[in-house]
Amino acid sequence: MADEETVGESSEGLQVELFHPDSDRKPGDTNIKGFGFDVHPVVFPLAAVIIVAFVAATIALGDQAAAIYSGIFDFINANFGWFYVLAVNVFIIALLFFAFSKYGKIRLGGVEAEYEFSSFAWMAMLFSAGMGIGLMFWSVAEPMWHLGTGGGNLFAVEGGTPQAAQAAMGVTFFHWGFHPWAIYGLVALGLGFFSFNRGLPLTFRSVFYPLLGDRIYGWPGHIIDLVTVFATLFGLGTSLGLGAQQIDAGLSIVAGTPTGITTQVVIIGVITAIATLSVAAGLQAGVKRLSTINVYIMFLFLAFILLVGPTLYLLDSVVQNVGFYLQNLLYMSFFTEAFVNGNVAGGYENWQHFWTVFYWGWWIAWSPFVGLFIARISKGRTVRQMVLGVLIIPTAFSFVWLSAFGGASIYVQQVLGGNIQTIVSEQGNAFAMFAMLDAFPLTAVTSVVGIVLITTFFVTSSDSGSLVIDHLTSGGKHDVPRTQRIFWAITEGVVAAVLLVGGGLSALQTASITTGLPFAAILLLMVYTVYLGLSREYEILQSEEFRERIGEMSQEGVDVTTEGGDIVTGVREGAESGD
């Protein structure tokens, strides 16, 4: 044990000595402490004031709020759709470059970082935080919409046909495939690298250290973190609103409860209370445990649909859908509706604005939340391991899930003569999954399982969001007081409930996509700063100074060897085998 401590102390000293910036500043060194809080003196109060003002304005405007939010939503989508499309493609190209270049061997946390979580726990948490509620909500509803339009403007085929079914699944895969996870992975890489490898605060301001230096601790950094807080809060609020709507729909079917805003607000209140208890339990006991439970329930739910539904049809669709998606990926990725008019594709003008552009804005708004959370749980993994894990594993599972639930709904609609499309059109997207489950055995049981799964995703999303906002408003400290985590868990629920009352789901969507626009510009600049950071890290790893320091450690009796520019010791080998 003494040898392991010696190795750890030596390697940590090496990381600080050679890789950390020459600065006197420490995460949270100017924080205000008291009453169970440990907060940044500028970011926390400004964020609180602006959030309260926004919520108050929504309440004061009443019915006008919905119209204002709708106008802002339309303006951003119509004028900046091309920017979203271009930006997200830059993100995915940059992330692949970082993973497969010489920088892929660089380890998050430094040369001797250890895994904090097993691979299974890591995958469960990144998936649960990433898009669990969204998949539950849209896996049936979205294919139903695209089936009716023949893929909107992306694929000009007649709605309701077999070709429309294929187009519907291709478009749905596109919106839930590599692109959103590339956004998350890029943000996670930047935050994890500059926090763990450079010892900087675990906030977005740190990503810009190569350009700003110690000015990240001044107003430029404050503004960056404030935008991040709002993007996180409103991106999360959109998902909480979707989850509340779907739980509302499920309860009305299972228990006959009345549907509407009032019920949804009550649902948000109850689940926020549950999330608060989970937040108080901490990352290991709360989020990790619930995320693992989520994954097990999802696998059981997925297995049920595959076995009870049209099994061969669904398995065939998984393979064909993946092929169709890969075949059309480049075309879909750069599509901007430039040549679409009222006489093309059935007259679905601005189709992309309400689907792809909204999704990209939503994912970008979610990226500080999901990206920071993934960074927080990815210490010890190499750049390549993290990127490939984030891109491939949840994407592959999403494809199987979408093919099973989306394919089952298409089968019910086209082969069994079901009315899922009608239900979605008349009652709303929240009823889509339950309408599909009604066509298969054990409807009451599966509907309850669906409600439970949405609820647990609701809780883990709130947990993760609270953890992220805590980091942002505490000056980037890795550990924050329990009282502070509880405060933000409650705040998230209150904001989501008030915006739902004030402007409905459109208010939440508008807040999300509006904060996503400036954040997209921040992420584009972040691509360059991450490149600068990784280049400097690689340069040091290959330097004579690094090799000399390794030689000194060996002479001091520490068993250290180098492999591919990384330190390999008994501690590292133990961490790998233990995983």
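## F204 and the nonpolar core

In this predicted model, F204 is in contact (heavy atoms within 4.5 Å) with V187, L191, I224, D225, T228, P368, L472, F519, I522, L523 and M526, once neighbours within four places in sequence are left aside. F204 also belongs to the largest nonpolar core, which has 174 residues; F204, W401 and F405 touch the most other members. Helix α17 (residues 482-541) supplies the largest share of this core, 19 residues. Such a core is a set of buried Ala, Val, Leu, Ile, Met, Phe, Trp, Tyr and Cys residues joined through side-chain atoms within 4.5 Å. Buried denotes under 20% relative accessible area, exposed over 50%, and partly exposed the range in between, with a 1.4 Å probe and protein chains only.

## Basis of the model

Residues are numbered from 1 along each chain as its sequence is written. The model is predicted, so local features need pLDDT of at least 70 and side-chain atom pairs count only at pLDDT 80 or more, while totals for chains, interfaces and linings use all residues; side-chain values use heavy atoms, with hydrogens and water left out.

## Overall fold and confidence

The protein chain contains 19 helices and 4 strands, taken as DSSP runs (helices H or I, at least four residues; strands E, at least two) and numbered from the N terminus. Of its 579 residues, 61% count as buried. Among contacts between residues at least 6 apart in sequence, 83% join residues at least 24 apart.

The mean pLDDT (the predictor's confidence in each residue, from 0 to 100) of the protein chain is 82, and 86% of the residues reach 70 or more. The pLDDT is below 50 over residues 342-346, a stretch with 7 contacts in the model beyond near neighbours in sequence. Residues 561-565 also have pLDDT below 50, and this stretch has 10 contacts beyond near neighbours in sequence.

## Buried helix residues

S367 is found in helix α12 (residues 356-377) and counts as buried because its relative accessibility is 0%. Beyond residues up to four places away in sequence, S367 touches I183, Y184, V187, L372, F519 and L523. Q484 lies in helix α17 and is likewise buried, with a relative accessible area of 0%. With residues up to four places away in sequence not counted, Q484 touches G36, F37, D38, V39, D470, T473 and S474.

F304 is part of helix α9 (residues 261-308) and counts as buried at 17% relative accessibility. Leaving aside neighbours within four places in sequence, F304 is in contact with G309, P441, L442 and T446. The C-alpha atoms of F304 and F440 are 10.0 Å apart in space, while the two residues are 136 residues apart in sequence.

A cavity is a set of points, on a 1 Å grid over the protein atoms alone, where a 1.4 Å probe fits but cannot get out; lining residues have an atom within 4 Å of a point.

The largest cavity is lined by R25, K26, P27, G28, D29, T30, N31, H40, P201, R205, Y217 and G475. This lining divides into 3 nonpolar, 5 polar and 4 charged residues.

Terms used
1 Å grid on protein atoms, 1.4 Å probe; cavity = no way out; pocket = protein on both sides within 12 Å on 5 of 7 lines; lining within 4 Å. Nonpolar A, V, L, I, M, F, W, Y, C, P; charged D, E, K, R; others polar.
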